[in-house]
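I opened my notebook to get to know a new structure. Here is what I looked up, in the order I looked.

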Amino acid sequence: MDGSVALEVLDLVGIFVFGITGALVGVRKKLDVFGIQVLAMVTGLGGGFIRDVLIGALPPAALVDWRYLVVPVVAGLLTFFLHPGIERLERLVNIFDAAGLALFCVTGARKALDFGLPPLSAALVGTISGIGGGVIRDVLSGRVPVVLRSEIYATPAFLGAGIVVVADEAHLDAPWVALAAAVVCFVIRLLAIRRGWNAPLPRMP
């Protein structure tokens, strides 16, 4: 599998995973099937839209490739019909959200590099790509976006994107690099949730 195909596969998997998180939030909020589909689509496609606009990849991939629209719809329908008990949804949302974050920070950074962005800018685009869909999902569902809370969220995304950028600077463009970067982001995010790692808070008088 060459680099472009691997990137496309990771992108679609990321859309599917993030679509599940949006749909699970919709289920927990007791939305109807249309509301669940909306959350699945904006969560799955939001980060990619932002990424493509920032790097000038216009029109965004989701508007020119039918697969990018079908994948979150399928994720939303599967979640609507097959979701587990409500009491388990929060844990599942966190796991799938960490997976989506990992996949999108990697594909975002890689695509930004392919469009000629400098390393730091590519890492930032990868981070924004990772957190964008989740922010839109949380705003639409009436939650404070995870990235604005004290828990560690953007940091693992930036680290995953940074690994892709550093590997590119070292002329390592093998598919395993993207996989390794995604695993690092995923593991750190899950550890942050499990161990309660938080970003520093301001001291209150």
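Which residues is Arg149 in contact with, leaving aside its neighbours within four places in sequence? I found Asp138, Arg143 and Val144, where contact means heavy atoms within 4.5 Å.

Before going on, I noted that this is a predicted model, in which local features need pLDDT of at least 70 and side-chain atom pairs count only at pLDDT 80 or more, while totals for chains, interfaces and linings use all residues. Residues are numbered from 1 along each chain as its sequence is written, and side-chain values use heavy atoms, with hydrogens and water left out.

**Entry: Arg149**

I placed Arg149 in the loop between α6 (119–140) and α7 (154–169). Is Arg149 buried, exposed or partly exposed? Its relative accessible area is 33%, and I wrote down partly exposed; buried means under 20% relative accessible area, exposed over 50%, and partly exposed in between, with a 1.4 Å probe and protein chains only. I also looked up Asn198, which is 49 residues away from Arg149 along the chain. The C-alpha atoms of these two are separated by 8.5 Å.

**Entry: the whole chain**

How many helices and strands are there in the protein chain? I counted 8 helices and 0 strands, with helices (H or I, at least four residues) and strands (E, at least two) taken as DSSP runs numbered from the N terminus. The radius of gyration is 16 Å, close to the 17 Å that the globule rule gives for 205 residues, so the chain is as compact as a globular protein of that length. I noted that this radius is taken over C-alpha atoms, and that the rule is 2.2 Å times the number of residues to the power 0.38. Those C-alpha atoms fill a box of roughly 50 × 45 × 25 Å along the principal axes.

Buried residues make up 47% of the 205 in the chain. Among contacts with a separation of 6 or more, 77% join residues 24 or more positions apart.

**Entry: aromatic rings**

I searched the whole structure and found 2 aromatic pairs. One of them is Phe80 with Phe81, edge-to-face at 4.9 Å centre to centre and 85 degrees between the planes. Rings of Phe, Tyr and Trp (its six-membered ring) pair if their centres lie within 6.5 Å; planes under 30 degrees apart count as stacked, over 60 as edge-to-face and the rest as tilted. Phe80 is partly exposed at 29% relative accessibility, whereas Phe81 is exposed at 63%.
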